Each structure stands twice: as structure tokens, then as C-alpha cells.
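These are my notebook entries on one structure. I list what I looked up, entry by entry.

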Amino acid sequence: MKAHDSSPLSDYIEYPSDEMLQRSAEFYANIKRRHSVRSFSNRPVAKEIIENCIKAAGTAPSGANHQPWHFVAIHSNEVKKQIREQAEIHESNFYQGRGSEEWLDALKPLGTDANKPYLEHAPWLIAVFSEKKGGIAIEDKNTNYYVHESVGIATGFLINALHSSGLVTLTHTPKPMSFLSKVCGRDENSRPYMLIIAGYPSEDATVPHHATTKKSLEDIATFL
């Protein structure tokens, strides 16, 4: 590597091999319990929990460490109502003709439709934005690199953090999502990436059987 400012790796913890295996198995067992939920309770969730989860997302790797993301955590009932109204308009267009027949058939086992009550009912919505320009300092206006990949990793960290905290989540990507920029007060540098719904499940929450079918290790991995 070329010379650069650096510090010793001081916070790495090495575990014995048997503990590593146990920890990997425990993580898999825990993450297997993560489900996309569409029925949320309106029970409050402390802001500090959401803050910690967003801070965890902010530790994700990114192109040139530019961290090209911004998270808007929405608790306001008024803002959530605006988002639901706008999202349902776009979703209605999708289900009434804009979506292809193949796409609509793929969604049928999940039972989804244009109605999105959870956008108002859940205590928190987290709008994830990608940023075209930025850098280490907030005032930087440099080109960001590998933006889509970087924000995708950070979003995965966020979902994992929310799950690990004891909350359930749903990823929502209304098309188009441009209305989120206006509702959330973001400028043209920010592009809506995803909406994460977070909270407690309602007492009658269910998981579609279709969603519990996961591909085997042999189907998703090759070891050379």
C-alpha cells in the first residue's frame, strides 16, 4: 500500500475458532427471525433507539469513505400522513396498470395492494437518501463514488440494527419516490433510495408463507 495517515487496528477482537463457529451460528439463528412485516402497532419507540440504529448504519463501508447517505427519521404524524397519501397515489397507479403482469403475479403470494396503512400507523419511518456530492466533511462537494453500493450496504446495516434492537421492519420503495425529497426537505443532491418502516408488530401480524421460503446454501453460494 502507498503511504497514508493511519492508526493501528486496536479494536479488533479475535475469538477462538470454536467460539467463532458458535457466534456465526447464533447470528444466523437471530437474523433468520427477521421478517418483513406489514402490520404495525402504534406503540411508541424511543428516539434514542432509532438514533443508535442510524449511527450503526453510518459505520458501513463506502466508496472513498465519503458516506454518501442521509437518513430522515420521521415521527411526525403530519409528515407520515403526507407520505402515505403520496405513496398510495403512486401505488394505485402501479396496481391499476403501470405494473407489468409478471410483476403483479410475483407479488400475489405476498398479498400486497395499494393500501399502505402502516405508513401512518408505525411509530417511525426512516427515509434513506443517496447523495451525489459530498465527502468526509459535511460542507464537501466532491463527487461520491459507488453510491448505490455504499447506500445499499448502509441500509442493510440499518435493517440489521433495528432487528437486533427488537423491532420489526418493512422496506418500501414506491415508484417514483421523488415526492420523498419534497416531503423530507431534501435538495437536488439527495435522491430517495428506500423507505424503512420500523416499530413493534401488531398483535395480528402475519408472515406470508411465500416469504419464509429461502434458497439453500447450495443455491446461493459457490465455494472454489
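**Sheet**

I am working on a predicted model, in which local features need pLDDT of at least 70, side-chain atom pairs count only at pLDDT 80 or more, and totals for chains, interfaces and linings use all residues. Residues are numbered from 1 along each chain as its sequence is written, and side-chain values use heavy atoms, with hydrogens and water left out.

I take helices (H or I, at least four residues) and strands (E, at least two) as DSSP runs, numbered from the N terminus. Two strands pair if DSSP finds at least two bridges between them.

I then looked up the pairing of β5 with β6 (residues 190–199): five bridges, antiparallel. In β5 (residues 168–172), four of the five residues are buried (under 20% relative accessible area; exposed is over 50%, partly exposed in between, with a 1.4 Å probe and protein chains only).

Which order do the strands take in the sheet? I noted β1-β2-β6-β5, an open sheet of four strands with antiparallel pairing. β1 (69–74) and β5 are the edge strands, each pairing on one side only. For angles, axes are lines fitted to C-alpha atoms, for helices over the stretch in contact, and the values run from 0 to 180 degrees between N-to-C directions.

Eight bridges link β2 (residues 124–131) with β6, again in the antiparallel sense. One entry from this pair is Ser130, whose bridge partner in β6 is Arg191.

**Helices on the sheet**

I count a contact when heavy atoms are within 4.5 Å. Helix α2 (residues 47–57) packs on the sheet and touches β1 and β2, with its direction at about 165 degrees to that of β1. Helix α6 (residues 147–164) also packs there, touching β1, β2, β5 and β6, and its direction makes about 10 degrees with that of β6.

I next looked up how α2 and α6 meet. Their packing angle is about 145 degrees and their axes are 8 Å apart. On the α2 side the contact has Ile50, Cys53, Ile54, Ala56 and Ala57; on the α6 side it has Ala154, Phe157, Leu158, Ala161 and Leu162. I sorted these residues into ten nonpolar, no polar and no charged (Ala, Val, Leu, Ile, Met, Phe, Trp, Tyr, Cys and Pro count as nonpolar, Asp, Glu, Lys and Arg as charged, and the others, Gly among them, as polar).

**Ser130**

Ser130 sits in strand β2. Is it buried or exposed? Ser130 is buried, at 10% relative accessible area. Leaving out residues up to four places away in sequence, Ser130 touches Pro68, Val147, Val151, Asn189, Ser190, Arg191 and Tyr193.

**Cysteines**

I found zero disulfides, a disulfide being a pair of cysteine sulfur atoms within 2.5 Å. Cys53 is buried at 2% relative accessible area, and Cys184 is buried at 16%.

**Backbone**

I noted a cis peptide bond from Lys175 to Pro176, with omega near -10 degrees. Pro176 lies in the loop between β5 and α7 (178–183).

Gln67, in the loop between α2 and β1, has a positive phi near 50 degrees without being glycine. Gln67 is partly exposed, at 29% relative accessibility. Tyr146 is another non-glycine residue with positive phi, about 50 degrees. Tyr146 is in the loop between β4 (142–143) and α6 and is exposed, with a relative accessible area of 60%.
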